[in-house]
Amino acid sequence: MEQSQTLDMVCKNSISILTGSAGTGKSSSILALINMLKSNNKSFVLAAPTGLAAKVASRYANALASTIHKLLGFDVITKSFTYGKNKKLPYDMVIIDEVSMCDIFLFCSLLEAINFKKTKLLLIGDSAQLPSVGLGNILYDLVNSKVIPVNSLTKVFRTGEGGILTAATYVRTSKSYLSSSLENQFIGNDKGYAFIPSSAEIMMENIKKLYSSLLQKGYTPKDILILSAYNKGNLGTNKINEEIQLIANPNRNFKNKNISINNFDGSKTRFYVNDLVLQTKNNYCAVNKQNNINIDLQFTFIPNGEIGIIKNISNLGIEIQFENTVIYQREDMKNLKLAYSISVHKSQGGCAKIVILITPRCHTFMLNSNLLYVGITRATEKVYHLGEARTVNRVVHKKVDFKRETSLLNMLKGCD
């Protein structure tokens, strides 16, 4: 059984890699590994590059997960890591999920903090997902070096039953799966994937109608994620957020308790209490709110990609609930955007009950099977895919270019 090979690989090697697409059993493999570690009284830690990915890992592994920054003890004052060359992580096993999102600098810091004579490292990733936004191509380079042991899970379970998994498999394997019919199309026995034919001219109205109907069914804004390939443009995340804010947040209709922020691109965003917000740049010194709970540290680290909710707006600042509740000032708000809609790249590693994925023909330049795959697999209950069948059937044959000019791959091959 492919999953059991992971346990054997980890026991025999100091560093190893587990890869597999959606539905191949990565979660089952990790649960089995964690149970084995617990049974043998071995200490372990689970981490991921972003807060969103760490929360997802916590849920499927039934174990506390953190960001890599938090694992390494990032100090917001000195902007350095507690663990590194001079102080190693005190665990028998370090498990890193969504490693494809990790850039070369963070990965280097992680390696420096591990004593491989005492600690094993397991890296987990999905080769069909997008490479990191930052420098490097970690997962691709490590797997293709043929130096580090890799267990690749290949058998997809429940294909044809679950719509999300089936559609994701079609996209990953570059299968043109949509008919030219102008009717809605459903995939899976659970109809977990629904394709809604929409031209660019009517797409925004369709998004708003669909979002409103989901709220009426009892879903909350936290349950719904609208994904687009672009941030700018008439069907980019910025415009979608502006339109959806009117539907998602009743406070949008009141003038009190709001703040208008000048964005770096010259536009303005008005934030209201209860708005979902996305951190777009690492905030190393976010000020913790002092309340009845004693907080030892005055500052906390809010990573790029973290989603929070505005709890209050006053003269003292803006209270935003991330993992901790922090106080932002006007200058801090420039690195926030509304999070009803985010880019597919930003969504990688996260999840939502409902995903509304839009792929208008005007986004063709950015679209490829890897991006569609990431978008579809962010949903845990249902995907509503809005676009034109002809466009989707064409871009599933287009793969992202994983080749990047890095020295890591050649360096690893030289170690063989």
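User: What stands opposite Ile95 of strand 6?
Analyst: That's Leu46. Strands here are DSSP runs of E with at least two residues, helices are runs of H or I with at least four, and both are numbered from the N terminus. Before we go on: this is a predicted model, where local features need pLDDT of at least 70 and side-chain atom pairs count only at pLDDT 80 or more, while totals for chains, interfaces and linings use all residues. Residues are numbered from 1 along each chain as its sequence is written, and side-chain values use heavy atoms, with hydrogens and water left out.

User: How do strand 2 and strand 6 pair?
Analyst: Strand 2 (residues 44-48) and strand 6 (residues 93-96) run parallel, with four bridges. To count as a pair, two strands need at least two DSSP bridges between them.

User: What packs on the sheet there, touching strand 2?
Analyst: Helix 3 (residues 51-61) does, and it also touches strand 3 and strand 7 (120-125). Its direction makes about 170 degrees with that of strand 3. Such angles run from 0 to 180 degrees between N-to-C directions, using lines fitted to C-alpha atoms, for helices over the stretch in contact.

User: In what order do the strands of that open sheet come?
Analyst: The order is 3-2-6-7-1-8, six strands with parallel pairing. Strand 3 (65-67) and strand 8 (150-153) are the edge strands, each pairing on one side only. From one strand to the next, the twist averages 25 degrees.

User: New topic. Is Thr391 buried or exposed?
Analyst: Thr391 counts as buried because its relative accessibility is 1%. Buried means under 20% relative accessible area, exposed means over 50%, and partly exposed is in between (1.4 Å probe, protein chains only). Thr391 is in helix 13 (residues 389-395).

User: What is Thr391 in contact with?
Analyst: Leaving aside neighbours within four places in sequence, Thr359, Arg361, Thr364 and Leu367. Contact means heavy atoms within 4.5 Å.

User: Which residues touch the most other members of the largest nonpolar core?
Analyst: Ile320, Tyr328, Met333, Ile356 and Ile376, in a core of 72 residues. A nonpolar core is a set of buried Ala, Val, Leu, Ile, Met, Phe, Trp, Tyr and Cys residues joined through side-chain atoms within 4.5 Å. Apart from that core lies another of 23 residues, including Leu72, Cys102, Leu110 and Leu121.

User: Okay, zooming out: how many helices and strands are in the chain?
Analyst: There are 14 helices and 23 strands. Buried residues make up 52% of the 416 residues.

User: What size of box do the C-alpha atoms fill?
Analyst: Roughly 60 × 55 × 40 Å, along the principal axes.
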